[in-house]
Amino acid sequence: MTNNVLKLMAVAFALIMVSCGDDDNAKDNQLNLNISGLEDLGSGYVYEGWIKVDGSPQTTGVFTVDGSGTLSNTAFDLAEDDLDAATAFILTIEPSPDPDPA
């Protein structure tokens, strides 16, 4: 599964598009994801988004993907200061339930 996870992560990073409040209807403190090409991980795993703020990762939240590639959640409320200071978006695959949320 490690090889598949690496391939999946490469596809996810290549296809990731993140927008933060550029839409007139979007909240200023909302991270909106527009990601395609992710696979359904099954019941034992979830995707978790992270932003890097001052060199430290901060979770944006978790989501799943169904068999047709639809994300369970695409909008995440975050502190506006954190979004303004974010220098990167990172997507990981985490166990669910996660014994170590850090």
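Residues are numbered from 1 along each chain as its sequence is written, and side-chain values use heavy atoms, with hydrogens and water left out. Because the model is predicted, local features need pLDDT of at least 70 and side-chain atom pairs count only at pLDDT 80 or more, whereas totals for chains, interfaces and linings use all residues.

The protein contains two helices and six strands, where helices (H or I, at least four residues) and strands (E, at least two) are DSSP runs numbered from the N terminus. Read from the N terminus on, the elements follow the order α-β-β-β-β-β-α-β. Of the 102 residues in the protein, 29% are buried, a term that stands for under 20% relative accessible area, with exposed meaning over 50% and partly exposed in between (1.4 Å probe, protein chains only). Among contacts with a separation of 6 or more, 64% come from residues 24 or more positions apart, contact being defined as heavy atoms within 4.5 Å.

Aromatic rings were examined next. Rings of Phe, Tyr and Trp (its six-membered ring) pair if their centres lie within 6.5 Å, and planes under 30 degrees apart count as stacked, over 60 as edge-to-face and the rest as tilted. By this rule there are two aromatic pairs. In one of them, the ring centres of Tyr47 and Phe63 are 5.5 Å apart and the planes stand at 20°, so this pair is stacked. Because Tyr47 belongs to strand 3 and Phe63 to strand 4 (residues 56-63), the pair ties together parts that are 16 residues apart in sequence. Tyr47 has a relative accessible area of 1% and is therefore buried, and Phe63, at 2% relative accessibility, also counts as buried. The rings of Phe63 and Phe76 have centres 6.3 Å apart and planes at 50°, so that pair is tilted. Since Phe63 lies in strand 4 and Phe76 in strand 5, the pair ties together parts that are 13 residues apart in sequence. Phe76 counts as buried because its relative accessibility is 5%. Through these ring pairs, Tyr47, Phe63 and Phe76 are linked into a cluster.

Strand 5 (residues 75-77) also pairs with strand 2 in the antiparallel sense, over three bridges, two strands being paired if DSSP finds at least two bridges between them. Within this pairing, Ala75 in strand 5 is the bridge partner of Asn32. Strand 2 (residues 30-33) is covered on both faces, with Gln30 and Asn32 buried on one side and Leu31 and Leu33 buried on the other.

Val53, in strand 3 (residues 45-53), is buried because its relative accessible area is 5%. Leaving aside neighbours within four places in sequence, Val53 is in contact with Gln58, Asp82, Ala85 and Ala86. The C-alpha atoms of Val53 and Ala88 are separated by 7.9 Å, although these residues are 35 residues apart along the chain.

Glu94 lies in strand 6 (residues 86-95) and, not counting residues up to four places away in sequence, touches Gly44, Tyr45, Val46, Glu48 and Trp50.
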